[in-house]
Amino acid sequence: MISLREPSLLKDQCFIDGQWCDAHSGKTFSVANPATEEVLAHVADGDAVDADRAIVAASRALPGWRSLTARERARCLHRWFELIMSHQEDLALLMTLEQGKPLSEARGEIAYAASFVQWFAEEAKRVYGDVIPTTGNDRRLLVIKQPVGVVAAITPWNFPSAMLARKLGPALAVGCTVVAKPASETPLSALALMVLAREAGIPAGVVNVVTGTDARGIGEAFTGSPDVAKITFTGSTAVGKQLLRASAETVKKVSMELGGNAPVLVFDDADIERAVAGTIASKYRNAGQTCICANRILVQSGVHDRFVAALNAQVSKLAVGNGLDNRTQIGPLISERAVSKVRKLVDDAVARGASMLTGGSVPGTGGYFYPPTVITDTREEMAIFQEEIFGPVSAVTRFDSEADGLRLANNTRAGLAAYFYTRDIGRIWRVAEGLAYGMVGVNEVAISNEVIPFGGVKESGIGREGSRYGVDDYLDIKHICLGGLS
Ligand code: SIN
């Protein structure tokens with residue numbers, strides 16, 4: 001039973017062309033609370049046919065929305081921002097129920113989501129063109145930027161509101177229309193945002209949400225449609241690669257925010273207290289289900305034992321439980337499958353010689369819980385070193401020299417975020433420049449916000465979200481040569 005201050009925020013249908021509608025098949029799927037396994041809602045199980053209807057609606061709405069001024073679109077987005085913030089409590093509650101993260105983190109995510117809407121409402125007013133010095137007196141050379149058109153957004157369950165807003169904010173602000181598919185584990189957060197988008201005055205068809213379990217069918221409808229100009233996706237590298245391949249057929253623009261394998265390097269000269277606090281904040285945020293969370297903790301020999309002792313002491317005190325309980329610091333994982341994957345990685349590492357200091361066994365209380373865990377002596381050849389853990393497990397590896405640490409940190413196909421702790425100014429520059437990652441935190445792990453360019457290199461993705469660069473992926477550059485002026 002979900003009890004909201006504003007009950008109309010709870011929706012269980014697709015949102016297409018400004019209307020709430022069942023899936024054309026009439027089918028539904030259930031959404032469960034990962035902390036209790038209780039079914040929260042039965043939601044429309046849309047498929048490719050519903051996705052096509054959404055594309056038609058978005059295509060029809062495009063000319064009207066694109067032709068508004070940036071200021072007019074910004075007015076709608078500012079209203080949407082205000083509505084999101086004024087319903088922060090309800091939206092956070094829905095998120096904790098369907099996703100599991102502690103309520104305090106869910107409140108933070110709602111503010112984070114709203115910040116993208118507000119930021120891009122402002123940024124869209126600053127989409128400038130150019131006048132290029134001419135190559136002949138009979139002509140003038142201009143550059144203008146125009147919205148790409150209909151954007152398809154596919155969003156994950158780990159940040160169900162923020163990842164949607166990080167895509168909708170820039171797309172809508174510059175004049176694109178959107179068809180979105182939220183993860184089937186967490187559709188309620190996306191649908192609640194649509195209630196508020198409509199109330200904010202965003203016209204029918206400008207933003208559409210197709211809920212459903214047929215991710216492949218809906219994804220193929222998006223990638224296969226010549227009317228969709230761009231695909232923006234946050235999720236696994238494997239699915240990102242499929243979407244890239246499928247998008248090649250119609251040569252779409254793409255933005256991909258894919259998996260990470262973030263190292264935290266702790267050098268001998270680090271402030272150990274700060275490094276431990278930062279590692280815990282990064283590693284255990286959202287129970288470790290974050291693309292940029294610490295995945296490999298690389299500690300230099302001189303401070304290894306001291307760091308591990310302090311980390312272990314604090315991790316063993318972290319409170320696990322239902323995110324609705326104010327004492328909870330670590331909520332459940334998203335599913336039983338997620339728990340098995342983490343367990344498999346830890347068991348494999350231990351079987352190959354890693355040592356378990358804390359955690360390892362799953363309390364049998366129902367829900368998809370995995371206890372906060374610390375293992376040491378992990379090595380490069382272990383799966384836990386190469387794969388995203390996506391669970392509350394610190395895997396610690398010892399290194400000797402700076403060059404060694406940097407080599408270990410870069411030994412991955414991922415390149416999203418990396419962190420390191422040192423007080424040496426020369427090392428700060430050497431390591432920051434040497435890390436093959438899109439984002440680097442130096443003595444800091446809280447790097448995400450709306451003003452920074454979020455994104456990765458190598459197999460972690462293409463494009464940047466947030467910041468002044470975040471609008472670029474939603475714009476086409478057009479050159480206009482104005483001739484006959486002599
Ligand atoms: C992610 O895990 O993909 C997003 C995390 C963030 O924005 O901080």
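The buried residues of helix 13 pack against strand 12 (262-266), strand 13 (294-300), helix 12 (383-386), strand 16 (393-399) and helix 14 (425-434), where contact means heavy atoms within 4.5 Å. Helices (H or I, at least four residues) and strands (E, at least two) are DSSP runs, numbered from the N terminus. Please keep in mind that this is a predicted model: local features need pLDDT of at least 70, side-chain atom pairs count only at pLDDT 80 or more, and totals for chains, interfaces and linings use all residues. Residues are numbered from 1 along each chain as its sequence is written, and side-chain values use heavy atoms, with hydrogens and water left out.

Helix 13 itself covers residues 402-410, and its buried members are Glu402, Gly405, Leu406, Leu408 and Ala409. Seen down the axis of helix 13, these buried residues fall within an arc of 160 degrees, so they line one face of the helix; the arc is that of the directions from the helix axis to the C-beta atoms. Buried here means under 20% relative accessible area, exposed means over 50%, and partly exposed is in between (1.4 Å probe, protein chains only).

Now to the charged pairs. Side chains of opposite charge can pair when their charged atoms come close. With a salt bridge taken as a side-chain nitrogen of Lys or Arg within 4 Å of a carboxyl oxygen of Asp or Glu, the count comes to 22 salt bridges. Here are some of them.

| Salt bridge | Closest N and O atoms |
|---|---|
| Arg107 and Glu89 | 2.8 Å |
| Arg352 and Asp348 | 2.9 Å |
| Glu402 and Arg430 | 2.8 Å |

Glu402 lies in helix 13 and Arg430 in helix 14, so the pair ties together parts that are 28 residues apart in sequence. Glu402 is buried at 16% relative accessibility, while Arg430 is partly exposed at 45%.

Arg107 pairs with Glu89, and this pair links distant parts of the chain: Arg107 is in helix 4 (residues 103-123) and Glu89 in helix 3 (residues 88-99), 18 residues apart. Arg107 is partly exposed, with a relative accessible area of 29%, and Glu89 counts as partly exposed at 28%. In the bridge between Arg352 and Asp348, Arg352 is partly exposed at 46% and Asp348 is partly exposed at 25%. There is also a network of salt bridges that links Arg166, Lys167, Glu257 and Glu465.

On a 1 Å grid over the protein atoms alone, a cavity is a set of points where a 1.4 Å probe fits but cannot get out, and a pocket is an open set with protein on both sides within 12 Å along at least five of seven lines; lining residues have an atom within 4 Å of a point. Grid points are joined across faces, edges and corners, and a volume is the space filled by probe spheres set on the points.

The whole structure holds 3 cavities of 30 Å³ or more, and the largest cavity has a volume of about 90 Å³. It is lined by 13 residues, with Phe159, Met163, Arg166, Thr290 and Phe454 the closest to its centre.

The largest pocket contains about 1400 Å³ of space. Its lining has 46 residues, and Trp157, Phe233, Gly235, Ser236 and Val239 lie nearest its centre. Helix 8 gives the most to this lining, with 6 residues.
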